[in-house]
Amino acid sequence: MGSCSTWTWQELLVLLSSMWLWVGSAQPTPLGPTHTPGPQLKFRLAGYPRKHNEGRVEVFYNDEWGTICDDDFTLANAHVLCRHLGFVAATGWAHSAKYGKGVGRIWLDNVNCAGGEKSIGDCKHRGWGNSDCSHEEDAGVICKDERIPGFKDSNVIETEQSHVEEVRLRPVVSGARRQLPVTEGIVEVRHKDGWAQICDEGWDSQNSRVICGMMGFPAEKKVNRNFYKLFTERQQLNYRLHSVSCTGTEVHLSMCAFEFYQGNTSAACGAGMPAVVSCVPGPLFATGNAHKKKQRQQQQGQPRIRLKGGAKVGEGRVEVLKSSEWGTICDDRWNLLSASVVCRELGFGSAKEALTGARMGQGMGPIHMNEVQCLGTEKSLWSCPFKNITQEDCKHTEDAAIRCNIPYMGYENLIRLSGGRSRFEGRVEVAVGAGDGDQLRWGLVCGEGWGTLEAMVACRQLGLGFANHGLQETWYWDASNVTEMVLSGVKCAGHEMSLSHCQHHGTSLNCRNTGTRFAAGVICSETASDLLLHAPLVQETAYIEDRPLHMLYCAAEENCLSSSARLANWPYGHRRLLRFSSQIHNNGRADFRPKAGRHSWVWHECHRHYHSMDIFTHYDILTPNGTKVAEGHKASFCLEDTECEE
């Protein structure tokens with residue numbers, strides 16, 4: 001197959017632009033309004049191209065959106081504005097309408113903040129609406145990508161608020177203490193240095209639903225109050241909240257109505273007892289073998305909704321199946337209520353964040369839904385009101401994503417890395433013997449057969465994101481006193497939450513090389529590229545060509561022909577080639593870069609270009625029963641935005 005010679009520069013540019021565009025143009029819709037202490041002021045970021053934490057600043061004043069002029073603009077102004085927008089600080093600002101010209105009023109000019117002001121209105125300025133600027137001078141800000149805890153807006157919505165931040169379920173049933181996840185127990189809220197209870201007078205299933213959602217569970221169930229009443233009568237209690245009243249759609253207890261106990265609480269909650277909740281775990285977290293559960297789930301018919309592009313369980317770009325084609329959701333009006341419906345539908349709890357602006361990477365294919373407006377009570381996203389999409393409305397730079405609350409499983413306590421240069425890399429050490437009363441024993445994993453899928457699971461279990469590499473030898477990371485191999489034959493499918501869920505040899509260790517240098521290692525990364533071949537284009541453009549061998553020297557020099565070409569009678573005769581165009585999209589959250597540095601790229605005289613990798617894509621031709629009849633591959637050209645030397 002002569003796939004090398006079928007790439008035209010236009011196609012290459014499409015591929016390159018798809019790899020670079022994501023970085024430059026992750027462009028959400030203008031953010032929804034953000035309330036500030038002043039009753040009439042709201043703020044949003046707008047413009048193009050931009051990321052979610054930068055843009056032209058727009059202010060809503062006197063019932064009208066307008067911009068801010070860049071005259072005398074400083075970083076201190078940007079700090080105040082970024083805090084209005086829910087970010088902790090600014091890292092920069094932009095002048096001369098870098099993010100495009102706004103429309104309407106220019107509300108502020110010659111703004112001069114010290115940096116500590118609560119509101120932009122408290123800074124010195126010429127007065128609202130008094131400006132000598134044009135929209136060519138619209139100011140923009142670049143905010144630090146870190147949210148103020150508890151800040152709510154339509155772009156990223158965090159849910160902890162200062163007065164009730166941490167909530168936990170304390171199990172009391174014997175034997176239940178050891179087993180994770182904890183699905184039933186007394187609801188407790190963090191108070192000063194300890195934990196306090198909630199009085200259950202007036203407590204109902206909607207309150208329980210909110211607590212279960214926070215704990216990572218999709219639903220609640222009835223609980224035996226009498227058992228707990230007996231148990232709590234013998235205990236010293238410290239009540240903090242009472243009269244809790246949730247509607248059931250809140251994503252955090254702090255968003256419900258409730259009252260605090262004041263003063264001495266020894267006589268509090270006379271007729272009641274501590275609130276107790278029992279939750280139903282989703283299929284992934286039901287106790288028992290998670291691997292078998294997953295298989296059972298898959299046999300029950302194909303789901304119509306899935307998450308893609310997330311490093312952790314319960315996060316990702318939302319994709320829906322419509323007329324047998326997977327597509328994405330546009331982020332217009334995307335909020336926590338809709339995100340929670342998706343989370344619960346997938347077997348997780350309520351939503352922790354509703355993400356806009358393709359924060360989890362851009363999808364491919366159609367955009368199936370826009371302006372989704374769930375009430376929060378729906379069983380499925382398909383039951384929510386939404387608009388069908390027209391091409392002009394949305395682009396994949398506006399793909400909606402979510403982060404869900406998931407149950408605490410403690411998997412990250414059973415794995416660690418040693419010897420790496422940063423916390424993201426190292427030799428894998430796992431804890432075994434976590435039976436009742438057993439002391440945990442740390443050991444190594446046999447490197448035989450260890451690859452990317454196993455590394456993906458290890459990085460996920462560690463909470464370190466995606467796998468960059470799975471390494472079968474780690475002699476250069478010899479820094480730990482752990483020397484015993486305890487796990488071998490690890491074979492993962494890639495979706496597991498813990499290495500213990502993958503197939504392995506169990507207690508009967510079977511490893512050819514048990515020396516520490518042959519222990520498995522990983523290099524993890526918070527973001528990763530995700531390359532997808534645009535398959536329809538291959539089908540549409542493929543054709544067969546008979547080409548004389550003397551015209552294929554270049555393809556041979558670049559090692560692009562099928563391996564059988566070496567046996568041909570050069571330069572006589574011909575070869576039959578399947579030729580096609582290909583386009584590869586980067587759907588991930590990081591640039592794709594060749595592993596080899598630029599200094600080691602290979603110059604190919606024939607086509608006069610560099611190859612940054614030996615092989616970028618493999619193409620095999622199979623018969624319908626799966627027998628390989630021919631193969632070819634694509635080597636990559638210069639993929640970085642540099643001038644290739646002649």
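**Disulfides and a helix in a predicted model**

User: How far apart are the sulfur atoms of Cys113 and Cys123?

Analyst: This is a predicted model, in which local features need pLDDT of at least 70 and side-chain atom pairs count only at pLDDT 80 or more, while totals for chains, interfaces and linings use all residues. Residues are numbered from 1 along each chain as its sequence is written, and side-chain values use heavy atoms, with hydrogens and water left out. A disulfide is a pair of cysteine sulfur atoms within 2.5 Å, and Cys113 and Cys123 form one with their sulfur atoms separated by 2.1 Å.

User: Is the disulfide of Cys113 and Cys123 left-handed or right-handed?

Analyst: Both cysteines are buried, where buried means under 20% relative accessible area, exposed over 50% and partly exposed in between (1.4 Å probe, protein chains only). The torsion about the S-S bond of Cys113 and Cys123 is about 105°, so this disulfide is right-handed.

User: Which parts of the chain does the pair Cys82 and Cys143 link?

Analyst: Cys82 and Cys143 form a disulfide with their sulfur atoms 2.1 Å apart, and with -85° about the S-S bond the link is left-handed. Helices (H or I, at least four residues) and strands (E, at least two) are DSSP runs, numbered from the N terminus. The pair links distant parts of the chain, 61 residues apart, namely helix α2 (residues 75–84), which holds Cys82, and, for Cys143, strand β6 (residues 140–143).

User: How many disulfides does the structure hold?

Analyst: Another disulfide joins Cys492 to Cys502, with an S to S distance of 2.1 Å. The torsion about its S-S bond is about 100°, so the link of Cys492 and Cys502 is right-handed. For the structure, the number of disulfides is 12.

User: Why do the buried residues of α4 line one face of the helix?

Analyst: The buried residues of helix α4 (residues 225–233) are Tyr228, Phe231 and Thr232. The arc is that of the directions from the helix axis to the C-beta atoms. Seen down the axis of α4, the buried residues line one face because they fall within an arc of 90°.

User: Which strands do the buried residues of α4 pack against?

Analyst: The face of α4 turned away from its buried side carries the exposed residues Asn226, Leu230 and Glu233. Contact means heavy atoms within 4.5 Å, and the buried residues of α4 pack against β8 (184–191) and β13 (276–280).
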